[in-house]
Amino acid sequence: MTKHTTVNPSRGPSDHNIRDRVVEAATEHFGHFGYEKTTVSDLAKAIGFSKAYIYKFFDSKQAIGEVICTNRLAMIMRIVDSALADAPGASEKMRRLLKALIEAGSDLFFHDRKLYDIAAVAARDKWPSAEKHEERLRQLIEQIILEGRSTGEFERKTPLDEATHAIYLVMRPYISPVQLQYNLETASTAAALLSSLILRSLSP
């Protein structure tokens, strides 16, 4: 099991710049060689530091990967937030949520495959960054359900936690990095089909 790690806090502007250089070099190496094939020694050689010096800023390779994963997942959430911003109602938000997640995940897979693999490792090994992302998605689904119930778009009989979890499970094959890579062939049609299924289940 992968050990959960934390990033050591920066201690000043110069430290922050060095941490940024490490992350930048790691992103390049992970993007070219893959996360699991890159070692801290590889990163040290790339930026001209000793491995011990890098460990002053990050306590493991995973800690570096966490920063990259957090950045990528934050980018996906910005895409989602933008897609939902002007949605005219809860039903449309649910449609756009799934569509944006599938499109953003698929785009990352096809254009940044090696970095997509970091997200897959993070999800597989339950890194804190991946678990926070999953929790954020569940909260977003719950918020949309509550909005739909308040406007009369959605039924109110099913317990909220049950409805939220069920919808998340329906979406999961297309929003989890581990599972999406095996469902890319149907991803383009999944958003519309699954959204219709979810909305029928929520109808009053």
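1. His29 is found in helix H1, one of the runs assigned by DSSP and numbered from the N terminus (helices are H or I runs of at least four residues, strands are E runs of at least two). The model is a predicted one, in which local features need pLDDT of at least 70 and side-chain atom pairs count only at pLDDT 80 or more, while totals for chains, interfaces and linings use all residues. Residues are numbered from 1 along each chain as its sequence is written, and side-chain values use heavy atoms, with hydrogens and water left out.

2. Is His29 buried or exposed? The relative accessible area of His29 is 15%, and buried means under 20%, exposed over 50% and partly exposed in between, with a 1.4 Å probe and protein chains only. His29 is therefore buried. Apart from residues up to four places away in sequence, His29 touches Gly34, Thr38, Asp42, Leu43 and Ala46, where contact means heavy atoms within 4.5 Å. Ala130 lies 101 residues from His29 along the chain, and their C-alpha atoms are separated by 21 Å.

3. The overall architecture may be described next. The protein chain has 10 helices and zero strands. Its C-alpha atoms fill a box of roughly 60 × 35 × 35 Å along the principal axes. Of the 204 residues, 45% count as buried. Among contacts in the protein chain with a separation of 6 or more, 70% are between residues 24 or more positions apart.

4. Which residues have the most contacts inside the largest nonpolar core? They are Phe30, Ile64, Val80, Met94, Leu97 and Met171, in a core of 61 residues. Two or more residues of this core come from each of helix H1 (13-33), helix H2 (40-47), helix H4 (61-84), helix H5 (90-111), helix H6 (113-124), helix H7 (128-151), helix H8 (160-175) and helix H10 (184-202). The largest share, 10 residues, comes from H5. A nonpolar core is a set of buried Ala, Val, Leu, Ile, Met, Phe, Trp, Tyr and Cys residues joined through side-chain atoms within 4.5 Å. Not counting residues up to four places away in sequence, Val80 touches Leu97, Ala100, Leu101 and Leu140.

5. The loop between H7 and H8 holds Glu155. Glu155 counts as buried because its relative accessibility is 13%. A polar atom of the Glu155 side chain lies 2.6 Å from the backbone nitrogen of Lys157, and a polar contact of 2.8 Å joins the side chains of Glu155 and Thr158. A polar contact is a pair of N or O atoms within 3.5 Å; within protein, one must be able to donate a hydrogen and the other to accept it, and residues adjacent in sequence count only if both atoms are side-chain atoms. Leaving aside neighbours within four places in sequence, Glu155 is in contact with Arg149, Ser201, Leu202, Ser203 and Pro204.

6. Lys126 is placed in the loop between H6 and H7. Lys126 has a positive phi of about 55°, although it is not a glycine. At 49% relative accessibility, Lys126 counts as partly exposed.

7. How many cavities of 30 Å³ or more does a search of the whole structure find? The search finds one. On a 1 Å grid over the protein atoms alone, a cavity is a set of points where a 1.4 Å probe fits but cannot get out, and a pocket is an open set with protein on both sides within 12 Å along at least five of seven lines; lining residues have an atom within 4 Å of a point. Grid points are joined across faces, edges and corners, and a volume is the space filled by probe spheres set on the points. The largest cavity holds about 210 Å³ of space. It is lined by 18 residues, and Leu73, His133, Ile175, Ser176 and Pro177 are the closest to its centre. H7 gives the most to this lining, with four residues. The lining of the largest cavity divides into 13 nonpolar, three polar and two charged residues; Ala, Val, Leu, Ile, Met, Phe, Trp, Tyr, Cys and Pro count as nonpolar, Asp, Glu, Lys and Arg as charged, and the others, Gly among them, as polar.

8. The largest pocket contains about 230 Å³ of space. Of its 14 lining residues, Glu36, Asp117, Ala120, Val121 and Arg124 are the closest to the centre. H6 gives the most to the lining of this pocket, with six residues. The lining of the largest pocket comprises six nonpolar, two polar and six charged residues.
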